[in-house]
Amino acid sequence: MQIRTPPAWHLPEAQVTPEAVWQGRRRFLAAAGLGALALAGCRSADAPASPLATVDPGLTADLYPARRNPAYGVDRPLTDERTAASYNNFYEFTTDKAEVWQQVGAFQPWPWTLTLSGLCRKPGQHDLAKLMRQFALEERVYRFRCVEAWSMVVPWTGFPLRPLIALADPLPEARYVRLVTAERPDQMPGMRGQAWYPWPYFEALSLPEATHELAFLATGIYGHALPRQHGAPVRLVVPWKYGYKNIKSIVGIEFLAERPATFWNKLVPHEYGFDGNVEPQVPHPRWSQASERAIGSGERLPTLPYNGYAAEVASLYRV
Ligand SMILES: Nc1nc2c(c(=O)[nH]1)N[C@H]1C(S)=C(S)[C@@H](COP(=O)(O)O)O[C@H]1N2
Ligand SMILES: [Mo]
């Protein structure tokens, strides 16, 4: 496959414009009365008023906030909610992390159907809002580490992937789970702008990874439904893996005997492994993974093996 342009998120964090600089620039533009003019060209028609104005709970608003599960806590401060909602990777909308929230206005998260298929006894289509009532929602605070060396700590709301997999009842020969994002070019302007990517976005886990207690399907964050830029209405959270494994706006889950291809691994295999486990001692070919920058505070922190979840997941990888 031919890759025409290196994706913007392949920049190491050290080369990315510091947030203070672009925030300062926006303030300057606003002060000069040029904000609307300067941003008009890149805003979609339905541009939301703020990064948190992109929340649409559909008929699930009464499920929030959910009970916090105290088993999942983190010894680092929570990231500021607005910072997390205005610094996103979601290439279906745009490659500009600061601008994703401005491009998601046309995306319709409801109604939402999850399709279970492949090597299982109970394939079928499930209404997400119904599943959310069937599996009690809980809140979990997890670390999150992007392969680009930025990180955050956020409270996700959702349910573990395991009971959904149990519902599908995989056959003994199923060894992998493939997950696919919605493909809606009319609602996702980045898909039209970057037609060369192999859309829709697709990721995968081994079945032991997918049924691990930490593998979580998030429908919410910070005590309410997910803003669209975080992957509404349902996205994967596998906190011991780099961000690219945490696929957003999932419509399909398929059970397979053989390991399937994954989006970034197919595009740039020597830079983005299938496993995508956080390994501080293994540098990305173009930058170190030994430390990370906390978004918001800008604090430099050591990156931990398996992103701090070694005690829970290392046994998955022992040969
Ligand atoms: N469908 C889809 N899922 C995706 C991505 C994407 O571009 N498309 N980007 C991934 C990457 S690289 C990261 S770091 C996280 C970012 O999640 P956040 O924006 O909620 O912090 O989403 C992941 N899931
Ligand atoms: Mo990422």
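A polar contact is a pair of N or O atoms within 3.5 Å. With that in mind, welcome to this predicted model, which we will explore through its ligand and two of its residues.

**Around ligand 1**

Ligand 1 is surrounded by 18 residues, and the closest are Tyr91, Glu92, His230, Asn246 and Lys248.

| Residue | Part of the residue | Atom of ligand 1 | Distance |
|---|---|---|---|
| Arginine 235 | N or O atom in the side chain | oxygen | 3.0 Å |
| Asparagine 246 | backbone N or O atom | nitrogen | 2.9 Å |
| Lysine 248 | polar side-chain atom | oxygen | 2.7 Å |

On its own, ligand 1 exposes 540 Å², and the protein buries 99% of that.

**A look at lysine 248**

Lysine 248 sits in the loop that runs between strand 9 (235-237) and strand 10 (250-256). Although lysine 248 is buried, it has no salt bridge: glutamate 92, the nearest side chain of opposite charge, is 7.5 Å away. The side chain of lysine 248 does reach the backbone oxygen of glutamine 229, at 2.9 Å. Among the residues that lysine 248 touches beyond four places away in sequence are Asn88, Phe90, Thr181, His230 and Arg235.

**And arginine 143**

Arginine 143 belongs to strand 3 (residues 138-145). Its relative accessible area is 9%, so arginine 143 counts as buried, the cut-off being under 20%. A polar atom of the arginine 143 side chain lies 3.4 Å from the backbone oxygen of asparagine 307. Asn307 is also one of the residues that arginine 143 touches, along with others including Val74, Asp75, Met152, Pro239 and Tyr309.

How values were computed: Residues numbered from 1 in each chain as written. Chains lettered and ligands numbered in written order. Predicted model: local features only at pLDDT ≥ 70, side-chain atom pairs only at ≥ 80, totals over all residues. Heavy atoms only, no water. Helix = DSSP H or I, 4+ residues; strand = E, 2+ residues; numbered from the N terminus. Buried < 20%, exposed > 50% of the residue type's maximum accessible area, 1.4 Å probe, protein only. Lys, Arg positive; Asp, Glu negative; His and termini not counted. Salt bridge = Lys/Arg side-chain N within 4 Å of Asp/Glu carboxyl O. Polar contact = N/O pair within 3.5 Å; in protein donor to acceptor, adjacent residues only side chain to side chain. Contact = heavy atoms within 4.5 Å. Near = heavy atom within 4 Å. Areas by Shrake-Rupley, 256 points an atom, 1.4 Å probe, with all protein chains shown as cover.
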